[in-house]
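Q: I have a sequence and a model open side by side. Please show me how to read the features, one at a time.

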Amino acid sequence: MPDYGHDLLFGSFITPVNADPQQAVVLAQESERAGLDLATFQDHPYQPAFLDTWTLMSYVAARTRRIHLAGNVLNLPLRQPAVLARAAASLDLLSGGRVELGLGAGAFWDAIEAMGGQRLSPGQAVDALSEALDVIRGIWDTGDRARLHVAGSHHHVDGAKRGPAPAHRIDIWLGALKPRMLRLTGRKADGWLPSMGRIPPAELVAANATIDEAALAAGREPAAVRRLVNISGTFGPAGEGPLSGPPQQWVDHLAALSLEHGFSAYILQSDDPAALARFGQEVAPALRELVAAERGAGA
């Protein structure tokens, strides 16, 4: 698969536990201090042991200066898209353009239904997400003076006023694994955000091809879709996996993912400040240097 040529990004994937309400805030600040580009947070609104992710992101935005923030990924069935669009644009304006939007079609339907959400079949959930993307982007499109109309089966607006526009072009990244979600990603999204533990390496080529084919069919370039990935691992002596060992071992493995499969953003699932520091201060600069050298040699 091609290297899509995106600049490399590095981030953290933080658990929003509420037993110590400041823990996630401190980890986001540590992520910024480590030089990471993104601080992202799980979103499980039905989980009483977690802080509400959107409230947390708003608080973290006020306690940081540079780092971008995103849900990883936001639970769309419990977040009304027109209101979510205005919330995202508002936080982007308040934070100086530091918000990105990670979205998921939904999982854990028993818990979603218990919170008042509507249970959807897999196909319905993908259709609902597609409609939500039209609503969200339509709310942001203040260049169009007409009222917004989206006649979806699951999400619809009928004459909604547009705005506010965000401070920068907010990227929408989809957590996608199955072919139908991958095709939606290719047609409409700015990024694909899987978790490496949930997609076997042998399936990466086929998944990328599905996204690329859908993008081309929609009149888009495949490179319009950034490939991000949640990763996990441990630093220390060489272990059993590619991300179990010293930083250089991580660099070599992630470089192959960038150059052979097009991934350009790596988000570390960790609540360990020391691991986040090593990831940002040792892995990130070395990986950027290696990928740049390989790209230069290829050119």
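Q: In which strand is the place of Asn 75?
A: Two remarks on the source come before the reply. This is a predicted model, in which local features need pLDDT of at least 70 and side-chain atom pairs count only at pLDDT 80 or more, while totals for chains, interfaces and linings use all residues. Residues are numbered from 1 along each chain as its sequence is written, and side-chain values use heavy atoms, with hydrogens and water left out. Helices (H or I, at least four residues) and strands (E, at least two) are DSSP runs, numbered from the N terminus. Asn 75 has its place in strand S4.

Q: How many helices and strands does the chain have?
A: The chain has nine helices and 13 strands.

Q: Is Asn 75 buried or exposed?
A: Buried means under 20% relative accessible area, exposed over 50%, and partly exposed in between (1.4 Å probe, protein chains only). Asn 75 has a relative accessible area of 5%, so this residue is buried. Over the chain, 51% of the 299 residues count as buried.

Q: Which residues does Asn 75 touch, not counting residues up to four places away in sequence?
A: Contact means heavy atoms within 4.5 Å. On that basis Asn 75 touches Asp 43, Pro 45, Tyr 46, Gly 104, Ala 107 and Ile 112.

Q: With which side chain does the side chain of Asn 230 make a polar contact?
A: A polar contact is a pair of N or O atoms within 3.5 Å; within protein, one must be able to donate a hydrogen and the other to accept it, and residues adjacent in sequence count only if both atoms are side-chain atoms. The partner of Asn 230 is the side chain of Asn 72, at 2.8 Å. Asn 230 belongs to strand S10 (residues 226-231) and is buried, with a relative accessible area of 2%. Leaving aside neighbours within four places in sequence, its contacts include Phe 13, Leu 193, Met 196 and Gln 269.

Q: What is the phi of Phe 108 near?
A: Phi of Phe 108 is near 55°, a positive value in a residue other than glycine. Phe 108 is in the loop between strand S5 (101-104) and helix H4 (109-114). Its relative accessibility is 55%, so Phe 108 counts as exposed.

Q: Which helix holds Thr 185?
A: Thr 185 is in helix H6 (residues 179-188). At 0% relative accessibility, Thr 185 counts as buried. Its C-alpha atom is separated by 6.4 Å from that of Leu 174, 11 residues apart along the chain. Among the residues that Thr 185 touches, beyond four places in sequence, are Leu 174, Trp 192, Ile 211 and Arg 220.

Q: What radius of gyration does the chain have?
A: The radius of gyration is taken over C-alpha atoms, and the globule rule is 2.2 Å times the number of residues to the power 0.38. For 299 residues a compact globule would have a value near 19 Å, and the chain has 19 Å, which agrees.
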